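Here are a few notes to read alongside the model. Have it open and look up each spot as you go.

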Amino acid sequence: LISRISAGQPVRAVVQESATRKASEYLVPLVQAQLAAAKGVLVVVPTPVRVADLARELSEALPGEPINTLVSDDDPATRYSKFLGALTGRARVIVGTRSAGWAPIQNLGLVVLIDDHHTALAEPRSPYIHARELLVERATFENTAFVSLNAGPSVELAELVSSGWAAMVEPTQSRAEVPQVLASNQFRFEGAPWSRMPESVFAV
């Protein structure tokens, strides 16, 4: 995936995240590949909190590269300043919430959507555009790469895979990365390493 994106191919991928890895771990090599090719990157996430966390993680992984954030919580002057940063190409990496999908990014090479099933990505006002639909259309119109990161694909993303527009990328997990699931009757044994409740709570 990274090699194809580095080569400038407009790859469209629905990536299923591993349970033990952060979104930034997937993003960093993708962003580095785009920056090396003098391309811009747009990342859309559901909430301002996720924007701040992801921007901080990207800044730590990409020292010296400004990460521009676009959220509705900013005051008008700040939002306009960041808008100009994207428009003029001073900021090549944009991380924002739903409205960031409209950001005018110079030489855009990759759009990334995280957790597309989140309700905050759906515009509640007419024309009710979902960030997923916006980024799919933008990737198609501007001939850019599209990557979606989710714990599991939404119905809409599964349809994009089924139609052939995008490809599914599933993680290769080791046993240590797979979540451990314990049945409730295993909690009955007090003193056992997996015990979480006293035996008395199961007595009738």
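1. Start at proline 127, which sits in the loop between β5 (108-114) and α5 (131-142). Helices (H or I, at least four residues) and strands (E, at least two) are DSSP runs, numbered from the N terminus. The peptide bond joining serine 126 to proline 127 is cis, with omega at about 15 degrees.

2. A quick word on what you're looking at: this is a predicted model, where local features need pLDDT of at least 70, side-chain atom pairs count only at pLDDT 80 or more, and totals for chains, interfaces and linings use all residues. Residues are numbered from 1 along each chain as its sequence is written, and side-chain values use heavy atoms, with hydrogens and water left out.

3. Is aspartate 115 buried or exposed? It counts as buried, at 15% relative accessibility (buried means under 20% relative accessible area, exposed over 50%, partly exposed in between, with a 1.4 Å probe and protein chains only).

4. Now find asparagine 107, in the loop between β4 (93-96) and β5. Asparagine 107 has a positive phi too, near 50 degrees, and is partly exposed at 43% relative accessibility.

5. Last stop: isoleucine 2, in helix α1 (residues 2-6). Isoleucine 2 is partly exposed, with a relative accessible area of 38%.
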